[in-house]
Protein chains: 2
Amino acid sequence: MAWVPQRDRPSRTPHVAGAWGPRPPLPIDPGLHSYLAGPERGRFTTVRMVRADGDDEVVATEAARAPATGGARVAERLRRTILGPPLRSSAVVHERVRKLVGLPVFSSDALSSVAYGPEAMLAVLVLGGSGALGASLPIALIIAILMVAVGASYRQTIRAYPHGGGSYLVASENLGRVPGLAAAAGLMADYVLTVAVSIAAGIAAVTSAVPALRADAPELGLAVVAVLLAGNLRGMSSAGRLFAVPTYAFVAAIGIVVAVGAVKAAAHGFATTPAPRIEPTEPLGALLILRAFASGATAMTGIEAISNAVPAFQPTAWRNARTTLTWMVSLLLVMFAGTVVLVHLDGIVPRAHETVLSQLARASLGGGPLYAGVQAATALVLLLAANTAFNGFPRLLYFMARDGHAPRAFLHVGDRLAYSNGIIALVAAAAVLLVVFDARTDALIPLYAVGVFLAFTLSQVGMVVHWRRHRERGWRRSAAINAAGAALSAAVLAVTAVGKFTEGAWLVLILIPGLVLCSLAILRLYRRTDAALSMSPGSWDARAGETQESPDQVRHLVVVPVEELHLASVRALAYAASLGTPVLAVHISTAEQEATRFRERWEAWGDYVPLQILASPYRAIVAPLAHYVAALHAQRPELTVTVVVPELVVHRAWQRLFHDRVAPRLRRALREQRGLVITTVPFHL
Amino acid sequence: MAWVPQRDRPSRTPHVAGAWGPRPPLPIDPGLHSYLAGPERGRFTTVRMVRADGDDEVVATEAARAPATGGARVAERLRRTILGPPLRSSAVVHERVRKLVGLPVFSSDALSSVAYGPEAMLAVLVLGGSGALGASLPIALIIAILMVAVGASYRQTIRAYPHGGGSYLVASENLGRVPGLAAAAGLMADYVLTVAVSIAAGIAAVTSAVPALRADAPELGLAVVAVLLAGNLRGMSSAGRLFAVPTYAFVAAIGIVVAVGAVKAAAHGFATTPAPRIEPTEPLGALLILRAFASGATAMTGIEAISNAVPAFQPTAWRNARTTLTWMVSLLLVMFAGTVVLVHLDGIVPRAHETVLSQLARASLGGGPLYAGVQAATALVLLLAANTAFNGFPRLLYFMARDGHAPRAFLHVGDRLAYSNGIIALVAAAAVLLVVFDARTDALIPLYAVGVFLAFTLSQVGMVVHWRRHRERGWRRSAAINAAGAALSAAVLAVTAVGKFTEGAWLVLILIPGLVLCSLAILRLYRRTDAALSMSPGSWDARAGETQESPDQVRHLVVVPVEELHLASVRALAYAASLGTPVLAVHISTAEQEATRFRERWEAWGDYVPLQILASPYRAIVAPLAHYVAALHAQRPELTVTVVVPELVVHRAWQRLFHDRVAPRLRRALREQRGLVITTVPFHL
């Protein structure tokens, strides 16, 4: 036996007064030395850690995380089947990627926007009749300019925040708590909508090619969400390289569609095929143009992803990330512009059951395997885009929780090293959206852009403040670029909020301040909790009866409720008496003769402990006991009253049907009282 | 302060050895004398009870049964609104009734059978075509003879069991446990079906008059069940006299219908109106006759009710009960026979949407207010019949629970002095039947008779044995009557079981043995429990670690899991240390740096208690802690290991979202281990 005995050491924190005194020696070996040498080892293994005082540490093995009870064991086995074995904390790998891998991994969200952005814009314009569709070209030009401006703006962020410059971080650091939280709320809405919109658009790509699946769209959506949930709880980060394939395939697919379409168009001198005649349902006014612009601007979502992920690039990380961002914006520009121009030339109009991209691919490539390939690549890249939110959203909540702005449960790292709770929250929110909006892209789009551009704007404004503060070399130029980005983003935000207000943006405009207020309330809650738990002097004055900080401050009274006099209650009484404190047994009697009979049995047993009988003419047991304990405690509030509750424990859940469940109900009732301690003495049947 | 101190008294049970020693004096007054004199009294009141040793008793008032916590308080207020204020145990009234009140109260079940019995018989016969309907007269004659025989048989039971002779009691006492349980199972099925069939038939009476309600029959049925549930939980026994009205109204209604019909029939010389021609769908064979007989025999259900309720009659109770039984059987006979004969004379055949009784009333009285009155009286008496099961079923379960044959929860007397759990069980079962069988009388009838006649048979056989044992004056005659009753009941049972087997009786024939086996299993379970809890020597040998019967047998080790070093955990440590036992603090560390940081804080705090750090590289907390405690305990199994768990308690349920819930999970995991004691030290935020 080599465990280190209690050392006599002077107290270093003088406010903790009182006599802890010399403690009785431990009757067992807390280091488990001989136990681990015996046959039972396996759940624990001793790792000798070289530490200053030469202590040994007990390390739990994987087996020690398995629950011991039946029901939980089944659930655990199911979880292991779906998620795989748990991973050690040390298994976290920080893989760094080349530019050519980083490009597809971090740009699937942005590039896949081409699948729904142009269509969303046309879907608004067509309300003004087929004649209004011509407005798509100037609107697309403005969006292209915006892409360049925002891209340039984020190039500055990457340089300034080489460890990752998420909007929450940048806005918090430079603008303060509330703008940071607003950016975070915008991003949260953005991530949830990325999942919902990408899945809805991916399903639309599939149902365009396979119309038979159309009726099952919402179920398909939920199935995809379930697969993403399981995959991300399992931890899919190692599949990074695999993720490159669909993105490149999508880029190639759009490239082929645009190239073939351009060649065909060149063949008849770039003559515009007139769109089928559609009667206007709304006048082609400024509001319609603004709404079309706001919808088209969803093509810019995801443009910030690389700036969050700078440390994932090979060194020099920020330089590589910047280059990759430039590549991405260039690809996005070409794909977006090519799509819009070709749609215009081919006279394509949005239809209910086939996406614009599908019509375009059909027009360029016919209905053959090449067309099918385009649709498959589109669906896959959208799946990937949805998946990126599964990295971003939980990480955002983790950062927020670290700052006390979100429940601490989001700090929790799951079995497989994923932030499980954040993943589950994301899935729940996205599933609600998919069900409520019936997995329809056009219904979800109006909610989308507001959050994104709020986060863009706050982040760029934050960058302007950053440059002004740090005044590094060339800061004026960087600040000017970020200011331009901020101004343009703010303009888009305003356009989106106004133009889409009645179509759903109002929901997001209520949600975001609501989330900010929640975050602030959570922060206050945690601050109050920390203050209450703080060991600085004076903090406990307000908590009557729960102020004992050293053993000599504890004055005991032990109360043992005794329902019947049997082995379980006698064991509880013996336990209580063995503590050497004053003990009072309480019996509650719901019938008069019963009280007399109980007292007789009690005296026959030996009457070792003072007994108080409570008569309960209304037959209630739990509440009168709790009130009685409160009445006892009210006599001497400085006492620590321990209620020792005997409890019969059965082996199987169904057996509980056959025993009264007074003990748990009593515990629940007593827990509310201050200054009580509740001891359960289980008796296993 | 006048409470009685601990008396020194020699142990009367020598097997409980050990030193309980002189106990420290109580620091409070368990009798609450001064407390109750203070301003806070109200929840308790002291009632001086004159007892041999002059003790005072503390009596809980009605206010003391109110729960203290928010959610429970709302539920309590809702319950009080529906159920009324709780009643004292002493509020039980044993009202004794005159014959003229007892007759309607206890015979609604039997008499209301006239509303569905004849119809059920005809509904089978009509399958043999309209020509087969003539068989109704001889079948009804046999049933009438049976009624007399069973009635006479129960007259004997009343004399022999003046304190109430339910089938369960009579069969258990005279035939043994298994026949008693079989009778009980039959009765349970009977009670549930009484509720379902009576409600279904009552709704049929209503929808016959108001066809517009036909589509809502199942919902109406559930609504009636809900009203019966609330009414019976409230306790409706005091409404006894009110219950007389519908029964007498029904008797009068049938009397008028039969009388008017008879006068009309006499007017044209009792000539039979030919029934509308219906083609046979089955041959008119012996099986059809038997099935018709079995269905018609449901008219006899409820005939045993008076024999259960003998003590409710004014003295001489058994004599009055007997007379009432004779009146009831006579009424039943006349009403049953009159209905069957008149139906035959009027050529009435069962129809899908109108009951036979409704057709008969229409034929006799036209469609006016008198007809409506007949239907209303029928529906009301059927409601009353359903209600009788709410007395019988819970009381049966109470008797079974008292003998250990049913969960002890059925012993529980609710707020309003009703056996709430039995009432809830009955409602649940009846609701399931109503939903599954769509509230259709004809679908429920085949299930009905089996249980009733099983109980009849076993009870009558039991009476034969009773007479043979006791050989009172005139026992031979009584035994002969009971033997005849038993033989006839057994014959009906056999006919019903065979004839209705494929129509649903098989379900009851499986259910009844199943219930008997369950009851036997429950008995074994309780016997095992009682043996395990028994304080006789030797009973605890098998329970390692939970055998301490006196304080000197308890050897302590206290383990305190410490997640973080804050006021809540320090309070738990101080509490643990104040017990004067060896204390070990355990910290589980899910990250390596964290362990070092924790040890530094621990040492800065004062290092008053030995600390063991567990490393958990898989980040699990609860399971490794539980396994570690098990490993400690395995070193010295004779120790009583107390795990002192600090727990943050928040005021509102939603706040739990913001704190980890390790304490309750840990308690659950530890509860499974033998020989542990779990102490919760709550810290209120």
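Visitor: How many salt bridges does the rule count over all chains?
Guide: This is a predicted model. A salt bridge here needs a side-chain nitrogen of Lys or Arg within 4 Å of a carboxyl oxygen of Asp or Glu. Over all chains, the count by this rule is 26.

Visitor: How many salt bridges does the rule find across the interface of chain B and chain A?
Guide: Side chains of opposite charge can pair when their charged atoms come close. A:Glu647 and B:Arg671 meet in such a bridge, at 2.6 Å from N to O. Across the interface of chain B and chain A, the number found is two.

Visitor: What area do chain B and chain A bury between them?
Guide: The size of an interface is often given as the accessible area lost when the parts come together. Here 143 residues of chain B are in contact with 143 residues of chain A. Carbon and sulfur atoms carry 60% of the buried area, which is about 12900 Å².

Visitor: Which residue forms a salt bridge with A:Arg80, and in which helix do both lie?
Guide: The closest N and O atoms of A:Arg80 and A:Glu76 are 2.7 Å apart. The two residues are four apart, about one turn of the helix. The partner is A:Glu76, and both residues lie in helix 2 (residues 70–83) of chain A.

Visitor: Are helix 7 and helix 16 of chain A roughly parallel or roughly antiparallel?
Guide: Two packed helices are described by the angle between their axes and the distance between the axes. For helix 7 (residues 177–209) and helix 16 (residues 441–470) of chain A, the angle is about 150° and the axes are 7 Å apart. An angle over 145 degrees counts as roughly antiparallel. Helix 7 and helix 16 of chain A are therefore roughly antiparallel.

Visitor: How many nonpolar residues are in the contact of helix 7 with helix 16 of chain A?
Guide: The crossing of these two helices of chain A is left-handed. Their contact includes four polar residues and one charged residue. The nonpolar residues number 18.

Visitor: What is the handedness of the crossing of helix 7 and helix 16 of chain B?
Guide: In chain B, the axes of helix 7 (residues 177–209) and helix 16 come within 7 Å and cross at roughly 150°. The contact residues divide into 18 nonpolar, four polar and one charged. The crossing is left-handed.

Visitor: What is omega near for the cis peptide bond from A:Pro315 to A:Thr316?
Guide: Most residues other than glycine have a negative phi, and most peptide bonds are trans. A:Thr316 sits in the loop between helix 11 (305–308) and helix 12 (317–345) of chain A. The bond from A:Pro315 to A:Thr316 is cis, with omega near -10°.

Visitor: What is omega near for the cis peptide bond from B:Pro315 to B:Thr316?
Guide: B:Thr316 lies in the loop between helix 11 (305–308) and helix 12 (317–346) of chain B. The bond from B:Pro315 is cis, with omega near -5°.

Visitor: What is the positive phi of B:Asp438?
Guide: B:Asp438 is in the loop between helix 15 (420–436) and helix 16 (441–470) of chain B. B:Asp438 is not a glycine, yet its phi is about 60°.

Notes
Residues are numbered from 1 along each chain as its sequence is written. Chains are lettered from A and ligands numbered from 1 in the order in which they are written. This is a predicted model: local features need pLDDT of at least 70, side-chain atom pairs count only at pLDDT 80 or more; totals for chains, interfaces and linings use all residues. Side-chain values use heavy atoms; hydrogens and water are left out. Axes are lines fitted to C-alpha atoms, for helices over the stretch in contact, and angles run from 0 to 180 degrees between N-to-C directions. Angles under 35 degrees count as roughly parallel, over 145 as roughly antiparallel, 65 to 115 as roughly perpendicular and the rest as oblique. A crossing is left-handed if the near helix is turned anticlockwise from the far one by less than a right angle, and right-handed if clockwise. Ala, Val, Leu, Ile, Met, Phe, Trp, Tyr, Cys and Pro count as nonpolar, Asp, Glu, Lys and Arg as charged, and the others, Gly among them, as polar. Contact means heavy atoms within 4.5 Å. Buried area is the accessible area (1.4 Å probe) that two parts lose on being put together, summed over both.
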